[in-house]
Amino acid sequence: MKKLLLILVFVTTVNAQDITSLEKIGPVVRFEKTDQTVTLQCHDNSQVQLTVLAPDLVRVRAAFTKPIPAKDHSWAIAKENWTTPRWNVTETPDAITITTDELEVVVRRSPLLIDFRDARTHQLLNADERPMSYDANGRLAGIQFDPKAGMFVAASKKFGFDEHFYGLGEKAARLDKRRMSFVNWNSDTPGYNEGKDPIYQTIPFYIGLQRGVAYGIFFDNSYRSYFDFGRASSERAWFGAEGGEMNYYFFYGPSIKKILSRYADLTGRMPLPPLWALGNQQSRWSYFPDTMVEEVVNEYRKRDLPLDVMYLDIDYMHGYRVFTFDKERFPDPKGLTEKLRRQGVKVVTIVDPGIKHQKERGYHAFDQGLEKNFFQRRRNGDLFVPRVWPGDSVFVDFTLPEARRWWGDLHRFYTDNGIAGIWNDMNEPSDFVDQTGKNQLDVVSHDDGEKTTHAKNRNSFALLMARATYEGLERIQPDRRPYVITRAAYAGIQRYSTMWTGDTNSTWEALSLNIPMFTSLGLSGEPFVGSDVGGFIGRGNGELLVRSYQISFLAPFCRNHKQHDGYDQEPWRFGKYYEDIIRKYLKLRYALLPFLYTTLEEAHRTGVPLFRPLVLNYQDDANTHNLDDQFMIGDDLLVAPIMKPDVTSRRVYLPAGTWYDYWTNKRHTGGTTITVDAALDVVPMFVRGGAIIPVGPMLNYVGEKPTDPVTFNIYPDDAGSASGRLYDDDGLSPAYKQGAFRRTALTVRRAGRGFIVSIGTPEGTYSPGPRTFNLVVKSLGPDAKPLIIKDDGRAHEVELK
Ligand code: MIG
């Protein structure tokens, strides 16, 4: 008992870093202005730089008791050349003020405190609670992973009475992170539950929302970092890291959507994955031999369940050697992928970072990497030899550009065998010798010439591995969109990879984390997300699997996956009753592909995710601020799944406006909470009045037949109006980046007792070929006849009665 108490005390002290003991940056003595930047010189020889990147984006950099280093490099940043917007500086005896068209940044000189205000209303958005701080006396050295690698730096903000906090990427926590604190240190955490922290990814970006007004902060620092949103003390929301620079970007909305767009400007946009990535996917640790993979696919086809992708987990390899196939289990990988291709199924292989370390020559990946000196080494020059699936292994130094290129090119092995995508796992990087990273403490990475150690490089390892993979696939198959999926990540990952939420449990508790996690990832610049459908670890059941599909059938990534010793969980494993319901939802997913793809393209272009928390669409509505048991797809579809056993009804909050029950078309007036029935075969879904949802034909897999006809389901609002879009492209090549897409916009208005539908001249150069549009006004009742028109790529105006 005593021992237990001691452990508890220890754990709490580690979680509650007292940043009030840190040294504060000194007062400002003078400043200089250049083109984009104001540099403040402080009394203690510290320097602070405020750089204006856009009217709503200002970067803050601080160096403590020394000048700002000339070196300025981050793996997360996609855009460095910003066109300086209009801005100016004014000064008073007390303060220096930077003003853009949107933001006013007031720096008080003594003590040095930064306020961010709205330039027009002067409303305070975010204010320093204390000057930026640093650990001059090693007070926090005890909690540091590697005190020699850096010094703790922190910034502290006033904590608002009604301030809500969103983002931080992948956290096993609720949507609103108010009163919570977090650590970022990429960790292999199988079977995590709510509260486990850290888990796999590090996205040090959050959005604050207060009085309907949102700001964002991206603390671009890859060292182990900390975020505390009023947990240790109501006085402050603070963030800090165990080394590196105080270096953050301040975003001003006021809308969350605008912040996400800017964040995507800064850290990069998600390229469109191949359209089949939105198809249904099936995985298992592991399907082997090849005949087992075929059996699963045959079963899918026989049972009339749609399927696009099969995964090969680690057992496809020869002794877990990446870039090999086991000759007995998979004697003819090319034959297999070809056979499956004819059934409309693509194959994705897992690729872990650990390359088997072996004495004998003959394993090309190890031999070549060793010869080229691409593997990570300890400071004393020894190879770093972690233990992972192949046993003793080595890791590539992915910070080396030549090593990334080599790694990427190795993937020709897979593409030559007809493999369609790559699954990066274990890239925290996981090490069976020790999961805390201690075994890797003195591993040196090239790091753009800085030769830094694990304390800095752990959190960005996966980002660079995904980058090497993505760029390799792009080089090898320039006419195809790469498809990469990763477990670990750092900010910027969306440029290279999709993600899934790792090793979840097959429990209701774990299922209830799906919505807060998917939506938080979306609010952190990662739109393409999903979770093992049915859960990864343990024994599920039919009811849990059905309810899990009732969330994931609308997630960008929809893949059933299971641990090797878990109970089988393919859609048919619990009997026909459950299988029939799962079929209904998988088919609905395929029918909704035009809607999902149109919304995904929006995420690519604008950075606003497809899978959304209600607060993203309704940030002025306080009822949404802490709402994370329902979600929306785009602006139009609201879904309220069941996440408990034996429950067949629930309350649903509908924001202001008109809503249509998706199943019955019954109309509801929003701004209220209603109770709805949800028998096991029903997930409550509502369409926003004013929306047009494009629906395609039933498919067994993407590309089986053309998207023809496209049915536009029209849900007029109270004024009888609606609008919507349809996005198409070839679904496979990067030509969309050059304008080879078609975007068709529709608007509807009431005319007497009928409606006039205007279809605009489409944008883009892609031609989907001749097809039919069916126009259906849902408010006209079940007997209303659809109006059928030919889509000839021109504008149309038609009347619907
Ligand atoms: O140590 O490749 O999260 O999806 O099936 C476990 C085997 C390694 C963890 C992944 C999981 C995968 C498993 N992997």
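Student: What is the mean pLDDT of the chain?
Tutor: The mean is 97, and 98% of the residues reach 70 or more, where pLDDT is the predictor's confidence in each residue, from 0 to 100.

Student: And where does pLDDT stay under 50?
Tutor: That happens over residues 6-15, for which the model has zero contacts beyond four places in sequence, a contact being heavy atoms within 4.5 Å. Where pLDDT is low, the predicted coordinates should not be read in detail.

Student: Switching to cysteines, how many disulfides does the structure hold?
Tutor: It holds zero disulfides, taking a disulfide as a pair of cysteine sulfur atoms within 2.5 Å.

Student: Is Cys 42 buried or exposed?
Tutor: Cys 42 is buried, with a relative accessible area of 2%, and Cys 558 counts as buried too, at 0%. Buried here means under 20% relative accessible area, exposed means over 50%, and partly exposed is in between (1.4 Å probe, protein chains only).

Student: What about strand β15, how many of its residues are buried?
Tutor: Six of the six residues of β15 (residues 205-210) are buried, so the strand is largely enclosed by the rest of the structure. Phe 205, Ile 207 and Leu 209 point one way from β15, while Tyr 206, Gly 208 and Gln 210 point the other way. Strands (E, at least two residues) and helices (H or I, at least four) are DSSP runs, numbered from the N terminus.

Student: Which strands does β15 pair with?
Tutor: β15 pairs in the antiparallel sense with β12 (residues 164-167) over four bridges, and in the antiparallel sense with β16 (residues 213-219) over six bridges; two strands pair if DSSP finds at least two bridges between them. His 164 stands opposite Leu 209 in β15, and the bridge partner of Gln 210 in β16 is Val 213.

Student: What sits in the turn of the β15 and β16 hairpin?
Tutor: The hairpin has two residues between its strands, and Arg 211 in the turn has a positive phi of about 50°.

Student: What's the strand order in the open sheet of eight strands?
Tutor: The order is β32-β30-β27-β22-β21-β20-β34-β33, with parallel pairing. The edge strands are β32 (498-499) and β33 (532-533), each of which pairs on one side only. β33 runs parallel to β34 (residues 559-560), with two bridges joining them, and the bridge partner of Val 533 in β34 is Asn 560.

Student: Now helix α3, how far apart are its end C-alpha atoms?
Tutor: They are 18 Å apart, which agrees with the 18 Å that its 13 residues (290-302) should span at 1.5 Å a residue, the expected span being 1.5 Å times one less than the number of residues. The buried residues of α3 include Val 293, Val 296, Val 297 and Tyr 300, and what covers the buried residues includes β20 (281-282), β21 (309-312), α4 (333-342) and α12 (542-552). Just after α3, Asp 304 takes a positive phi of about 60°.

Student: Last topic, how many aromatic pairs are there?
Tutor: A search of the whole structure finds 59 aromatic pairs. Trp 389 and Phe 432 form one that is edge-to-face, at 5.3 Å centre to centre and 90° between the planes. Rings of Phe, Tyr and Trp (its six-membered ring) pair if their centres lie within 6.5 Å, and planes under 30 degrees apart count as stacked, over 60 as edge-to-face and the rest as tilted.

Note on methods. Residues numbered from 1 in each chain as written. Predicted model: local features only at pLDDT ≥ 70, side-chain atom pairs only at ≥ 80, totals over all residues. Heavy atoms only, no water.
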